[in-house]
Amino acid sequence: IGQCIMSVIQDMAEEIFMQESDFPPTLLLGMEGCFGLLFGLPFYFTFASHFGESPQETWVQITSSTFNICYMIALTCLFTITGIFNIAAT
C-alpha cells in the first residue's frame, strides 16, 4: 500500500513540476534514472548477499552469454524510449 501511495505522490509531483516549469521531459527522465542508479547500486551491493545472491556470480551469468548482453541493452533502450514517450504524452 505504501508503494502505491508513494507512486501516486511521485506522479503528481512530476506533473505539477512539468506544468509549472519549462523543463525538458527527457532531462527529467534522465535525472530519475541517474538517481535510481546512484541509490540502487550501493543498496544492491550492500544487501544482495544477505538475501542469498552473490553480485560476482550475477555478473558472471550476465556476461557469459552474448544473448544476455544484447537482451539487457535492448530492454534498457525499450524502457528509455517508452519513458520518453510516456512523459512527452502527459
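Modeller: We may begin with helix 1 and helix 2, whose axes come within 11 Å and cross at roughly 145 degrees. Axes here are lines fitted to C-alpha atoms, for helices over the stretch in contact, and angles run from 0 to 180 degrees between N-to-C directions. The contact is formed by Gln-10, Glu-14 and Met-18 of helix 1 together with Pro-25, Leu-28 and Glu-32 of helix 2, where contact means heavy atoms within 4.5 Å. Helix 1 passes helix 2 in a right-handed crossing; a crossing is right-handed if the near helix is turned clockwise from the far one by less than a right angle, and left-handed if anticlockwise.

Biologist: On what basis are these values given?

Modeller: This is a predicted model, in which local features need pLDDT of at least 70 and side-chain atom pairs count only at pLDDT 80 or more, while totals for chains, interfaces and linings use all residues. Residues are numbered from 1 along each chain as its sequence is written, and side-chain values use heavy atoms, with hydrogens and water left out.

Biologist: How many helices and strands does the protein have?

Modeller: The protein has 4 helices and 0 strands, in the order α-α-α-α from the N terminus. Helices (H or I, at least four residues) and strands (E, at least two) are DSSP runs, numbered from the N terminus.

Biologist: Why is Glu-14 called buried?

Modeller: Glu-14 lies in helix 1, residues 2-20. Its relative accessible area is 17%, so Glu-14 is buried; buried means under 20%, exposed over 50% and partly exposed in between, with a 1.4 Å probe and protein chains only. Not counting residues up to four places away in sequence, Glu-14 touches Leu-28 and Glu-32.

Biologist: What makes Thr-46 partly exposed?

Modeller: Thr-46, found in helix 2, has a relative accessible area of 43%, and is therefore partly exposed. From C-alpha to C-alpha, Thr-46 and Leu-27 are 29 Å apart in space and 19 residues apart in sequence. In the protein as a whole, buried residues make up 9% of the 90 residues.

Biologist: Why is helix 2 called oblique to helix 4?

Modeller: The axes of helix 2 (residues 25-47) and helix 4 (residues 66-89) come within 9 Å and cross at roughly 130 degrees. That angle makes helix 2 oblique to helix 4, because angles under 35 degrees count as roughly parallel, over 145 as roughly antiparallel, 65 to 115 as roughly perpendicular and the rest as oblique. Pro-25, Thr-26 and Leu-29 in helix 2 meet Thr-80, Gly-83, Ile-84 and Ile-87 in helix 4, and helix 2 passes helix 4 in a right-handed crossing.

Biologist: What makes helix 3 roughly perpendicular to helix 4?

Modeller: Helix 3 (residues 55-63) and helix 4 have axes that come within 6 Å and cross at roughly 95 degrees. Helix 3 is therefore roughly perpendicular to helix 4. Gln-61, Ile-62 and Thr-63 of helix 3 make the contact with Asn-68, Ile-69 and Met-72 of helix 4.
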